[in-house]
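Colleague: Could you walk me through some ring contacts and backbone details in the structure you have open?

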Amino acid sequence: MALLTQVGISGRAAVETAAGPASPSSLSSQETAFDYEGLYQSKLAKKHADKSYRYFNNINRLAMRYPQAHTANASNIVTVWCSNDYLGQSKNPVVTNAMKTALDTYGAGAGGTRNIAGNSALHLRLEAELARLHRKEAALVFSSCFVANDATISTLCSALPDCVIFSDKMNHASMIQGIRNSRARKHVFDHNDLEHLEQLLAQYPRSTPKMIAFESVYSMSGTVGRIPEICALARKYGAITFLDEVHAVGMYGPHGAGVAEHYDYEASLRAAPGERIPGSVLDQVDIVTGTLGKAFGIVGGYIAASSSLVDMVRSYAPGFIFTTSLPPPINAGAVASIQYLYSSQRERFLQQTHMRELKTDLAAAGIPVVPNPSHIVPVLVGDAERAKMASDMLLAEHNIYVQSINYPTVPVGEERLRITPSPGHDNFMRARLVSALDSVWNKLGLRRTADWVREGGRCGVGESRSNSELHVGWKRGVEYVWEDHQLKQAHDAELARKGGVPIKPAIPETVQQVIAATVA
């Protein structure tokens with residue numbers, strides 16, 4: 001059949017025949033497809049160019065050798081100094097035995113969503129434990145705290161008419177994602193800056209729905225949110241508060257409910273389990289969110305709040321409704337971990353003691369630590385490439401694993417090594433770490449604290465104490481969240497609970513021998 005168009009005519013007419021226009025399939029076959037692989041490679045090239053590409057080390061933590069691990073080579077034993085298994089609960093026999101029992105009784109998987117065959121007595125028990133821990137009416141568990149934050153913020157703030165969200169500048173990506181998904185108007189206030197927050201709040205009528213979203217312990221800086229002051233502003237301007245306690249639950253407060261509980265330490269000790277404490281800081285927080293995957297040593301996330309708020313999220317949040325629920329062994333392990341840390345002070349005492357000792361030793365060596373009152377020890381490097389080099393050198397030459405942190409997790413120029421002392425890190429390990437860091441700093445010519453002072457300081461390092469205290473949070477003039485008298489009380493209580501058995505790191509002698517062998 002002859003072509004109706006003449007040679008030289010371009011475009012659609014060029015492929016028309018007497019039978020009519022060409023089909024869409026024939027047209028698409030004439031075009032060049034989008035270069036998908038080219039896009040992927042271009043994006044990765046940018047990451048490599050700005051030194052923010054992420055490398056994942058093969059680190060296999062050994063339950064019976066905590067805080068030891070082996071690399072890809074099972075005979076290469078290293079000491080892990082950056083784990084978020086803050087208290088070593090993942091290897092606690094109380095926890096693992098509960099998980100084994102649940103595994104044998106109920107199997108490995110949940111069997112479905114909470115709505116379809118995936119809702120069990122263990123889920124309900126876990127939520128009851130979490131509500132009791134935070135002295136709230138109800139709790140709801142999610143597959144992770146990223147999902148909990150995203151689902152809760154997006155669900156609530158999209159339902160509240162004309163809602164405005166006020167978010168701390170250093171908030172976690174999960175909260176930022178929830179804010180984006182809510183499509184609500186938002187304002188970002190400078191980290192822990194109450195004056196800036198109030199200026200933003202004052203722009204709106206008290207009747208306008210508002211949420212203030214912030215954290216208790218900021219994971220990369222170790223700074224602490226100014227919870228009582230923010231709650232007071234929320235009351236003044238008619239806002240609800242959303243407090244992320246992910247890096248605090250299990251470690252702060254006499255029962256491990258977090259920093260909000262720690263503000264009323266003595267009152268929390270006296271109150272009955274789960275009993276509301278009117279006027280307490282924890283009671284003033286509307287929504288508490290936390291994780292089961294850090295200090296509690298398992299996996300999963302949750303919120304705790306009023307019954308009606310929790311039920312609304314349960315009923316409307318896609319991130320909760322349309323996903324398989326947590327497996328029975330996870331629920332059982334989480335319940336056991338929460339109950340154990342509710343009473344045991346041993347892990348909290350050792351962690352806080354080891355953190356203080358490490359910060360003191362690093363200060364004496366001139367290693368620059370970002371000032372904060374929490375358990376996190378951020379060592380400032382200030383350059384992405386050299387931060388990775390420092391991390392690699394620690395692992396290759398000293399059998400010490402500390403992950404480097406770069407953009408976008410921290411701002412460019414504030415790259416760091418993030419160290420998290422645990423109950424299992426003893427004096428010998430600490431001495432090796434400090435010596436190794438000193439060696440790496442010398443070899444790479446990294447800036448020490450005195451160098452940062454001369455340059456005017458960065459993120460609290462080398463800055464005046466009065467200036468840095470504006471941002472680190474907690475109580476002005478008080479160095480640590482866990483105060484001396486509280487640590488003594490925790491120590492004495494644990495001694496009494498254990499019949500006078502000394503509180504020390506539970507590291508098997510065989511592990512000490514392994515460590516010694518790596519030094520020889």
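This is a predicted model: local features need pLDDT of at least 70, side-chain atom pairs count only at pLDDT 80 or more; totals for chains, interfaces and linings use all residues.

Colleague: How many aromatic pairs does the structure hold?

Modeller: There are six aromatic pairs in the structure. One of them is formed by F166 and Y204, whose ring centres are 6.1 Å apart and whose planes stand at 80 degrees, which makes the pair edge-to-face.

Colleague: And where in the chain do F166 and Y204 come from?

Modeller: F166 belongs to strand 5 (residues 164–168), while Y204 is in the loop between helix 7 (194–201) and strand 7 (210–215), so the pair links distant parts of the chain, 38 residues apart. F166 and Y204 are both buried.

Colleague: Let's take Y265 and W482 too; why does that pair count as edge-to-face?

Modeller: The planes of the Y265 and W482 rings are at 75 degrees, with the centres 5.5 Å apart, so the pair is edge-to-face. The cut-off behind this is that planes over 60 degrees apart count as edge-to-face.

Colleague: Which parts of the chain does that pair tie together?

Modeller: Y265 lies in helix 10 (residues 265–270), and W482 lies in the loop between helix 19 (465–472) and helix 20 (484–497), so the pair ties together parts that are 217 residues apart in sequence. Y265 and W482 are both buried.

Colleague: Changing topic, which charged end sits over the ring of Y342?

Modeller: That is the charged end of R132, at 4.4 Å from the centre of the Y342 ring. In another such contact, the charged end of K388 sits over the ring of Y55, at 4.5 Å from the ring centre.

Colleague: Now the backbone: what kind of peptide bond joins Y66 and P67?

Modeller: The bond between Y66 and P67 is cis, with omega about 5 degrees, and P67 is placed in the loop between strand 1 (60–61) and strand 2 (68–70). A cis peptide bond also joins Y407 and P408, with omega about 10 degrees, and P408 is found in the loop between strand 13 (404–405) and strand 14 (416–419).

Colleague: What about the phi of R135?

Modeller: R135 is not a glycine, yet its phi is positive, at about 55 degrees, and R135 is located in the loop between helix 4 (121–133) and strand 4 (138–142).

Colleague: Is R135 buried or exposed?

Modeller: R135 has a relative accessible area of 8%, and buried means under 20%, so R135 is buried.

How values were computed:
Residues are numbered from 1 along each chain as its sequence is written. Side-chain values use heavy atoms; hydrogens and water are left out. Rings of Phe, Tyr and Trp (its six-membered ring) pair if their centres lie within 6.5 Å; planes under 30 degrees apart count as stacked, over 60 as edge-to-face and the rest as tilted. Helices (H or I, at least four residues) and strands (E, at least two) are DSSP runs, numbered from the N terminus. Buried means under 20% relative accessible area, exposed over 50%, partly exposed in between (1.4 Å probe, protein chains only). A charge sits over a ring if NZ of Lys or CZ of Arg is within 6 Å of the ring centre and within 35 degrees of the ring normal.
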